Amino acid sequence: MTLSYSLELPTHRVESPDEFVSAAAITEIARHAESCGYSAVHVTDHPAPDAKWLDHGGHHALDPFVALSFAAAATTDVKLLTNVYIAAYRNPFLSAKSVQSLAVLSGGRLVLGVAAGYLKPEFRALGIDFDRRGDLLDESLDVLQQLLTGDDVALQTDRFSARGVRLRPLPPQAPPIWVGGNSKPAVRRAVSRGDGWAPFNTFGYAAASRTAEISNLDELEAAIAWAKGYARDIGRTKPLDICFSAGNLLDDSRSPDERHATLERLAAAGVTWVTIVPGGEDRAELLDRAASFAKEFIRT
């Protein structure tokens, strides 16, 4: 199986905004990713990170749809991945409008990675019930998937009353939905209603992310086997994309042979996408590392 790769847009690198978090940076990095053979660029989502989390390893992020719109305008074919978007933070109709807008304006290049979220202070800052995050994610996906059929949508909840909401124009195709997270509920949601599953390497922060630990390839393979078993149990026959955020498993400190072996094992296990996060003291070094990875592992 051939792997596809997504390059991170480093919108968390606020210590050097001109180098990493500017229109020029996003434009150049996205174009570079496309020219090097990456299949997508991706961003994350943290609208209201708290100071304690930021001071102990957390990170900032631009609004994912704004950031990806700059990448979309600068490129032609590369896909635009939210990795991941926390739908529970927003009213589902506002979420659907953001999804529709980027999907339309990019010509259908959006891949919508979603997750339930884990950062309690962020939920509190946004006035969202942390304990309802799974239900709110399902509600948001229900609304989005109904609206993107072109039908009028009516919905009455304890939070809002919608009558005959209609989205136009519709994108060329509904964006694929990848559900992120390592927990059993995340896997079940991905398999039962998604197009893909996005597990991630929890090495060093499993407790902080409040999800099941996947810190080595054995644990990933076991999780994929469980997902495949669940797919069989519910009668799913449609292929499931698996996008793995490998983290330190593909670190530059590892030899090319070791990284080739890791990628071969990921593909054999059923992984279809891998996210790549090159380091670099400045943009030039980041671009060089992204190109070196592509030359070694993508264009071979």
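Predicted model: local features only at pLDDT ≥ 70, side-chain atom pairs only at ≥ 80, totals over all residues.
Me: Hi! What should I know about the model before we start?
Reply: Local features need pLDDT of at least 70 and side-chain atom pairs count only at pLDDT 80 or more, while totals for chains, interfaces and linings use all residues. Residues are numbered from 1 along each chain as its sequence is written, and side-chain values use heavy atoms, leaving out hydrogens and water.

Me: Great. How many aromatic pairs are there in the whole structure?
Reply: A search finds eight. Rings of Phe, Tyr and Trp (its six-membered ring) pair if their centres lie within 6.5 Å; planes under 30 degrees apart are stacked, over 60 edge-to-face, and the rest tilted.

Me: Why is the pair of tyrosine 5 and phenylalanine 293 edge-to-face?
Reply: Because their planes are at 70°, with the ring centres 5.6 Å apart.

Me: And which parts does that pair tie together?
Reply: Tyrosine 5 lies in strand β1 and phenylalanine 293 in helix α12, so the pair ties together parts 288 residues apart in sequence. Helices (H or I, at least four residues) and strands (E, at least two) are DSSP runs, numbered from the N terminus.

Me: Is tyrosine 5 buried or exposed?
Reply: Tyrosine 5 is buried, at 6% relative accessible area. Buried means under 20%, exposed over 50%, and partly exposed in between (1.4 Å probe, protein chains only).

Me: New topic: how do β5 and β6 pair?
Reply: They pair in the antiparallel sense over three bridges, and a hairpin of four residues joins them. Strands pair if DSSP finds at least two bridges between them.
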